[in-house]
Amino acid sequence: MLANWKRLKENDSFKNNFVLRAKIIALIRDFFYKEGFLEVETPSMVAFPGMEPYLDPMKVSLNLLEEKNIPASLITSPEYAMKKILAGGFSKIFQICKSFRAGEAIDSLHNPEFTILEWYRTHADYKDIMNDFEGLMAHVARGVTDLKIKYQGSEIDLAPPWERLTMREAFQKYAKMNLDEVLDRESIERVVKEKGYEVYPNDSFDDIFFKIFLSEIEPHLGKNKPTILMDWPRQMAALSKVKADDPRYAERFEVYAGGMELGNAFTELIDPDEQRERLQKDKESRKKMGKDIYEIDEDFIDALRSGFPPAGGIAVGVDRIVMLFLDTKNIEDVLFFPARQIFNL
């Protein structure tokens, strides 16, 4: 495998990938500065990592002079810390930083260390974040090329408004399933088996859901316009608020372009008691899955209890945005030092 620094020496086109990457990141900052957001910095190493059952933090430790070995983790996302900043009184914040995830395959879309963009605004919901994302991508597109870009043989028009599709609509359109009727494990297992998928006794609702989603829905998303896939089942609410008019679903969305997920957003859950209950359930799920479990970040709960305002927020993969504009399917084409090369994998 030719190291990327050697590719830089031999290939001017490859070298230009990183010129464009730097320009894209500068344009992202420019957009948020113009919109009145404050850029913040939060720790990469924390005592209490996120509790999501399907994300695994990287474990490290503090070896202090007092000979105390204190366990710590690298962040999977700066979300908790950024919400604490909102609790402190700032209303519009963003951050571009490194995040780390263990337990995932190293492949064309995933690197254990990656660059993440997160922004949050108070007195807002997930629809405000949708508008932000549309404006951000249009701003970047105008700065580097045009609103219409080529990606893997297709033309994608980034001009707002984008396609907005509920998860219920997506299941009906692409999988010919009425999602309302399969919002419990028993029902979705029956339908998925009828479709010919194999279901194992230990599969959760999420596991079964994604058998359909990844095979029959995700490949269709964002083909000619980015797709905002919104209103996820309540079981998959994560840190998002449940919809007031239909509590079976949550105010969560993901954005797709060219079949590739770019970001994951919420109307933020701000009820401290419900948040604690969800984190406890996540903790129990991790235990059942045989994964490391962590204590709840009580400082995060205190921040919510302090009178936290309504808010919306999102996490976006910066590397994937760069991939989109460079028309590449391989994340290693936009990283100076991919993990496979660092660790000779």
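**Close-up views of a predicted model**

**View 1. Surroundings of aspartate 157.** Leaving aside residues up to four places away in sequence, aspartate 157 touches Leu147, Lys148, Asn224, Lys225 and Pro226 (contact means heavy atoms within 4.5 Å). This is a predicted model, in which local features need pLDDT of at least 70, side-chain atom pairs count only at pLDDT 80 or more, and totals for chains, interfaces and linings use all residues. Residues are numbered from 1 along each chain as its sequence is written, and side-chain values use heavy atoms, with hydrogens and water left out. Aspartate 157 is placed in strand S8 (residues 154-157); helices (H or I, at least four residues) and strands (E, at least two) are DSSP runs, numbered from the N terminus. At 3.0 Å, the side chain of aspartate 157 reaches the backbone nitrogen of alanine 159.

**View 2. The salt bridge of lysine 83 and glutamate 268.** The side chains of these residues, lysine 83 and glutamate 268, meet in a salt bridge at 2.5 Å, N to O (a side-chain nitrogen of Lys or Arg within 4 Å of a carboxyl oxygen of Asp or Glu). Lysine 83 lies in helix H3 (residues 79-87) and glutamate 268 in the loop between strand S12 (260-267) and helix H8 (272-288), so the pair ties together parts that are 185 residues apart in sequence. Lysine 83 is buried, at 1% relative accessible area, and glutamate 268 is buried too, at 3%. Buried means under 20% relative accessible area, exposed over 50%, and partly exposed in between (1.4 Å probe, protein chains only).

**View 3. The salt bridge of arginine 190 and glutamate 194.** In this pair, the closest N and O atoms of arginine 190 and glutamate 194 are 3.8 Å apart. The two residues are 4 residues apart in helix H6 (residues 185-194), so about one helical turn separates them. Arginine 190 is partly exposed, with 44% relative accessibility, whereas glutamate 194 is exposed, with 60%.

**View 4. The salt bridge of lysine 283 and glutamate 295.** An N to O distance of 3.3 Å is found where the side chains of lysine 283 and glutamate 295 meet in a salt bridge. Lysine 283 in helix H8 and glutamate 295 in the loop between H8 and helix H9 (298-305) are 12 residues apart, and the pair links distant parts of the chain. Lysine 283 counts as buried, at 14% relative accessibility; glutamate 295 is exposed, at 51%.

View 5. The structure holds 32 salt bridges.

How values were computed. Polar contact = N/O pair within 3.5 Å; in protein donor to acceptor, adjacent residues only side chain to side chain.
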